[in-house]
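Please keep the structure open while reading, and find each named residue as it comes up.

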Amino acid sequence: MVRDIAIIVFEDGFYLPGKAYGASGRALGEAVFATGMTGYQETLTDPSYYGQIVIQTAPHIGNTGVNQTDNESRQIWVAGYAVREASRISSNWRSQGNLEDELKKQSIVGICEVDTRALTRHLREKGALRAGIFSGEALPAGAENLTDAALQNLVSIVCDQPAMAGAALAGAVTTKKAYVVAPSGKFQGMKPLAKVAALDLGIKSRTPEQMAARGIEVHVLPQSASLADILEVDPDGVFFSNGPGDPSTSEHEVELLRAILDRKIPFFGICFGNQILGRALGYGTYKLVYGHRGVNQPVLDRTTGKVEITAHNHGFAVDAPVEGTSVAPYENGRYGRVEVSHVGLNDGVVEGLRALDIPAFSVQYHPEAAAGPHDAEHLFDRFLTMMKDNKESK
């Protein structure tokens with residue numbers, strides 16, 4: 001297959017040539033790398049990647065095609081896509097189509113036959129950078145021999161886009177209207193064991209499915225939902241999902257969560273939801289140098305003492321004391337004592353919070369992860385137990 005030339009350019013002027021993949025044109029976003037060997041379809045359809053150009057470190061992408069079952073949301077959300085080798089065929093009994101055809105259908109501009117190892121090493125040295133993929137009419141004339149002037153023009157285009165820090169993006173990926181996921185499996189048709197109001201900040205479809213498989217009725221609400229909307233569900237618990245953007249911009253979500261914590265409604269948050277809990281308790285958040293993305297991140301669960309291999313997709317983290325117990329800073333300890341329940345073993349980053357005086361906990365990673373790993377799925381059981389205990393204590 002003969003492909004047109006494409007170029008990926010970072011804001012610091014680093015660039016590499018490759019070949020056009022997916023749609024042609026221009027893609028702008030924050031460049032990040034994802035280390036998963038499998039699950040590229042789940043990565044592409046994860047709303048947390050909104051506004052980002054994903055570089056796959058696995059060298060061969062597209063070999064199992066795409067299907068409708070593995071989508072984590074209603075569409076592909078990545079801003080652009082960079083792969084080393086694009087598979088020429090789709091070979092899997094579940095395949096319903098070709099990945100590149102799907103990228104073209106959804107106007108996702110990509111690049112292949114590019115040195116993704118070099119791109120990843122550059123990001124590891126410099127941290128997450130704004131980037132652009134250019135192909136087709138978006139390329140300057142003579143792109144095969146890029147002049148300094150032409151390169152600087154592309155760098156200027158990249159630098160003109162807003163940075164991820166300060167970006168409020170959850171409203172762009174949330175559901176347009178509320179919907180309900182009923183208990184499934186052996187609980188189908190039965191009275192729910194619990195009812196949860198889930199705030200969609202970029203929720204993945206497997207999240208309510210995990211709760212439904214445990215007998216929970218999940219009411220998924222838009223990011224703009226009010227406290228009245230949540231209380232109308234009469235929930236036994238509240239859940240805040242993963243999602244894109246900078247948690248420092250999420251004033252609505254933080255105030256909403258504080259109102260929930262004041263009522264002592266059991267709370268569970270993942271990823272963006274963990275950062276929102278951190279802010280609601282009065283801790284700060286900060287941007288990681290290059291973030292955690294992939295399906296092979298070791299995390300210590302201090303509750304069980306076990307090390308779990310977990311799936312991540314976050315560029316921000318909570319700034320809370322890792323050792324010992326601290327008093328939540330908000331309003332001189334309004335929410336009592338808090339401990340860091342999970343720690344990332346690669347770099348010591350806070351990967352989970354647990355409130356000791358109110359029913360609330362969160363993790364920074366994805367316990368619902370597809371295609372895996374599944375080490376942390378038990379956290380949904382922990383949430384169900386928390387809701388049951390709270391009801392029994394009333």
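## Lining of the largest cavity

Sorted by class, the residues that line the largest cavity comprise 10 nonpolar, 10 polar and three charged ones. The model in which this cavity is found is a predicted one, and the volume of the largest cavity comes to about 240 Å³. Its lining is made up of 23 residues, among which Gly39, Thr43, Tyr49, Val295 and Ala370 are the closest to the centre of the cavity.

Three elements, α1 (40–44), β15 (284–301) and β16 (306–319), each contribute at least two residues to the lining of the largest cavity. Seen at the level of domains, domain 1 (5–160) and domain 2 (170–393) each provide at least three of the residues in this lining.

## The second largest cavity

The second largest cavity holds about 140 Å³ of space. Its lining consists of 17 residues, and those nearest its centre are Gly243, Gly245, His314, Gly315 and Phe316. Two or more lining residues come from each of α9 (272–281), β15 and β16, with β16 giving the most, namely four residues. By class, the lining of this second cavity has six nonpolar, eight polar and three charged residues.

## The overall count

When cavities of 30 Å³ or more are counted, the model has three of them.

Technical notes: Residues numbered from 1 in each chain as written. Predicted model: local features only at pLDDT ≥ 70, side-chain atom pairs only at ≥ 80, totals over all residues. Heavy atoms only, no water. 1 Å grid on protein atoms, 1.4 Å probe; cavity = no way out; pocket = protein on both sides within 12 Å on 5 of 7 lines; lining within 4 Å. Points joined across faces, edges and corners; volume = space filled by probe spheres on them. Nonpolar A, V, L, I, M, F, W, Y, C, P; charged D, E, K, R; others polar. Domains from an automatic or database assignment.
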